[in-house]
Amino acid sequence: MWFNLAVAAFCGTLFRFAPLSACILFLLIIIHCYQKQRLIYILGFTAMGLFFYFYSYSEPVADFDWTDTKRGTLTSFLVFTDEQNIDGDYFSGVALIQNQPVRFSYYIKTENEQKKLVSSMPYFRTCSASVELRQPLPNTNGLKFDYAEYLKRQNIHYQATVKNIDWSSCRKVELNIIDQLKLYRVQLADQMMISDRFNMRYVVALTLGDTRYLSTDELDKLKVLGIYHLYAISGSHVALISVQLFFLLKRFYIPLYWCTAAMFLIIPIYTILTGLSPSVIRSSLFILIYMALKRYGINLLDALSLSFLLFLLVEPTAIFDIGFQLSYFISFILIFTSNLYQDRRPISLLVITCLVSQLASIPILLINFNSFQVIGLLTNLLFIPFFTVVMFPLCTIILLWVILLHTLPGWFDYLLKAAFFLNDLMIDIYSLVHLPDIHMANTGAELYLILTLIIFYILLRLKFSVIQFVSYTMALFLLLYCLSVIQSHEEGVTFIDVGQGDSSIVESGGQILVTDTGGQMELPKEEWQKRRKENDAVAFHLHGVLKEKGYQKIDYLLITHPDADHFGEAVHLLRLIHVDYLILNKEAPGHDKYDELLALAKAGDTEIIDSKQIDKMRVGHAVVEFFNTRGSFSEENDSSIISRITLGRRYLLMADAPTDIETSLIAQLCSAEIDVLKVGHHGSKTSTSDELLDCVQPKYAVISAGRNNRFGHPHEEVVNKLTARKIHILNTQSDGKIEFLNTVRTAKRP
């Protein structure tokens with residue numbers, strides 16, 4: 001009954017977003033009740049679904065002008081919480097302004113200020129500060145992850161750029177017991193890091209769930225191998241430490257009821273000390289409910305269902321958290337199938353459990369990330385037992401030693417070095433194995449439900465034999481891989497919102513041409529200013545769009561000229577996705593800026609094409625012509641590669657070409673009328689001449705410029721020219737992503 005109630009609650013919450021899938025799930029409940037001849041339960045399940053349908057309702061984000069998200073500047077007391085991070089010259093986290101949580105950011109001005117901050121972090125202190133408030137910008141590229149919604153689920157409705165902080169005004173605030181534990185957690189992490197012991201940043205991540213000290217490269221390496229979840233505190237860590245603790249207490253011959261009482265005290269404390277992630281809360285609730293109600297006949301599935309209902313009652317929006325989804329679904333699958341492999345040998349049990357967990361994660365990962373790392377099937381077979389038997393117990397002992405004795409003997413370094421030698425050796429070996437990942441474009445929720453039902457069918461094969469189960473599993477992966485290869489793609493041109501910059505995608509016949517990547521100019525930084533975690537904007541803009549369109553690689557990447565706002569993210573892009581061909585002008589003014597990009601392209605087997613060698617090419621069914629590829633140029637903008645694309649409509653992409661370049665090429669550019677003009681230089685008055693507009697006579701003009709940019713783009717003169725000619729203006733500032741497919745649509749009005 002409890003399980004059906006949990007599913008009914010899930011259906012009620014899900015109905016607003018995927019009504020057909022919710023109805024199918026609820027129909028399965030009705031069929032189950034009919035088979036069990038418990039039709040009266042249907043009323044209770046319906047009531048539960050309706051309750052959560054209305055209970056989970058939240059007001060939609062009010063529509064506002066995307067071009068202006070500022071909400072004023074004020075001087076107020078800023079109450080810092082435990083969520084703080086210093087990375088180079090960047091100080092960020094969550095603070096309270098007038099009792100309202102905000103996500104703040106502050107650029108540290110001097111190295112001395114940074115040292116003082118690091119030595120005495122302002123956890124739970126209130127300081128006078130001058131802040132500029134703004135509303136979080138929704139995902140203007142229409143991606144599934146919406147940062148504004150993510151903040152809203154944490155009751156954060158504003159972001160704050162802190163201009164100045166009066167550190168002399170800082171005072172401590174009174175703390176409740178939970179805040180005291182949170183303070184102890186972050187101070188403990190800082191204390192462990194100050195010790196500067198071998199790989200202590202990994203120990204902190206494994207024991208306290210604090211990944212602040214891991215670099216972007218370190219995190220990416222773990223994600224590629226599908227083992228990042230082992231370094232992030234999850235429900236499995238709670239379960240493991242609970243088993244270890246219960247076993248230890250029993251070995252000291254402590255009575256069972258005292259053991260249980262100790263667990264009820266320690267598990268909540270550990271939950272707070274590890275950061276209160278949804279998966280940890282799930283595991284803690286599950287264990288405590290099962291221990292409390294086991295004597296009353298409650299089973300594991302009922303305990304899991306009760307914890308699910310309690311979680312949703314407290315935080316109904318948790319259903320959108322990836323950790324929550326994975327934790328509950330994998331736990332349910334493991335419990336659901338446990339009777340099918342209870343009596344297996346240890347090695348067989350390990351293989352089956354790993355495969356079951358990986359199978360259960362497929363729909364969740366595809367829904368949220370559009371990809372699944374197949375290599376995770378292999379890596380987890382070794383890493384899970386290694387972490388269970390070696391790594392996690394060792395790190396837990398180190399944590400307890402520091403907590404109880406406030407120091408750490410030198411011989412722990414030898415143990416850590418031995419453990420991480422094995423860990424790094426396995427990572428290096430697996431890094432040599434190249435298995436293709438599964439990438440799927442966005443699709444309806446119903447298809448993921450069908451995939452889930454197929455997975456359930458495969459799991460039931462365990463009833464007959466492990467060989468049959470493994471065979472069906474391999475067949476599923478082969479099917480998914482084939483679907484990812486042959487999946488259909490759209491035909492058209494998409495202009496990405498990358499802020500103050502340019503980036504577009506031409507897609508036709510399963511091939512794509514990406515023109516520019518966007519980016520920001522990076523000023524030279526001193527050593528103390530450099531960050532562990534890079535602000536990888538391309539992952540949240542261009543690469544995110546490519547993933548959700550289902551592309552596994554880029555066929556052609558065109559870099560128009562060496563301005564940072566056009567190619568600044570190219571290096572990051574090549575680290576995220578393979579590029580077959582890179583097209584650029586090797587002799588453009590400022591071409592030395594391409595050095596790192598060219599080195600990375602050569603290392604990644606990307607063929608480099610000099611733009612002088614190519615005038616026309618095909619991308620699927622699209623014909624792409626290049627202009628301004630030859631000649632001697634004095635400035636970077638003068639060397640902008642202009643492209644004309646014919647794919648149903650005809651597009652002219654002007655990059656940053658100024659008016660004198662337009663004039664010199666007018667005969668070539670005007671050889672055909674244009675449907676869509678990508679306005680030059682982000683709408684600057686230095687481009688888009690009257691002569692060009694009168695010649696090509698576009699129906700649409702696309703402007704790509706950053707909100708509140710310091711250049712004032714687009715300039716009023718250009719907008720007036722376009723308006724006077726009755727050209728329909730689309731601007732990434734106000735429209736977000738702009739797509740010319742069968743129809744013209746934007747992120748603002750899909």
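**Close-up views of a predicted model**

By the rule applied here, the count comes to 25 salt bridges.

**View 1. A salt bridge joins the side chains of arginine 707 and aspartate 497.** The N to O distance in this pair is 2.8 Å. Arginine 707 belongs to the loop between E19 and H27, and aspartate 497 to the loop between strand E8 (492-495) and strand E9 (504-508); the pair therefore ties together parts that are 210 residues apart in sequence. Both arginine 707 and aspartate 497 are buried.

**View 2. Aspartate 502 and lysine 678 meet through their side chains in a salt bridge.** Here the N to O distance is 3.1 Å. Because aspartate 502 lies in the loop between E8 and E9 while lysine 678 lies in strand E18 (residues 676-678), the contact ties together parts 176 residues apart in sequence. Aspartate 502 is buried, as is lysine 678.

**View 3. The side chains of aspartate 580 and lysine 553 form a salt bridge.** The pair is separated by 2.7 Å, N to O. Aspartate 580 is in strand E12 (residues 578-584) and lysine 553 in strand E11 (residues 553-558), so that distant parts of the chain, 27 residues apart, are linked. Lysine 553 has a relative accessibility of 32% and therefore counts as partly exposed.

**View 4. A network of salt bridges links six named residues: Glu490, Glu507, Lys549, Lys737, Glu739 and Arg745.** Side chains of opposite charge can pair when their charged atoms come close.

**View 5. Domain 1 meets domain 3.** The domain assignment places domain 1 at 1-57 and domain 3 at 185-323 + 373-436. Their C-alpha centres lie 33 Å apart. In this interface, 13 residues of domain 1 are in contact with eleven residues of domain 3. The size of an interface is often given as the accessible area lost when the parts come together. Domain 1 and domain 3 bury about 1100 Å² between them, with 84% of this area on carbon and sulfur atoms.

**View 6. Helix H1 (2-14) and helix H3 (41-55) each supply at least two residues of the side of domain 1 that touches domain 3.** The largest share of this side, seven residues, comes from H1. By class, the side of domain 1 that touches domain 3 comprises eleven nonpolar and two polar residues, with no charged residues.

**View 7. A cis peptide bond joins histidine 713 and proline 714.** Omega for this bond is about -5°. Proline 714 is located in the loop between strand E19 (700-703) and helix H27 (716-724).

**View 8. Phenylalanine 124 has a positive phi although it is not a glycine.** The value is about 50°. Phenylalanine 124 lies in the loop between helix H4 (111-119) and strand E4 (125-134). With 8% relative accessibility, phenylalanine 124 counts as buried.

**View 9. Histidine 406, a residue other than glycine, has a positive phi.** Phi of histidine 406 is near 60°. Histidine 406 occupies the loop between helix H16 (376-405) and helix H17 (411-431). Its relative accessible area is 57%, and histidine 406 is exposed.

Notes
Residues numbered from 1 in each chain as written. Predicted model: local features only at pLDDT ≥ 70, side-chain atom pairs only at ≥ 80, totals over all residues. Heavy atoms only, no water. Domains from an automatic or database assignment. Contact = heavy atoms within 4.5 Å. Buried area = accessible area lost by both parts, 1.4 Å probe. Helix = DSSP H or I, 4+ residues; strand = E, 2+ residues; numbered from the N terminus. Nonpolar A, V, L, I, M, F, W, Y, C, P; charged D, E, K, R; others polar. Buried < 20%, exposed > 50% of the residue type's maximum accessible area, 1.4 Å probe, protein only. Salt bridge = Lys/Arg side-chain N within 4 Å of Asp/Glu carboxyl O.
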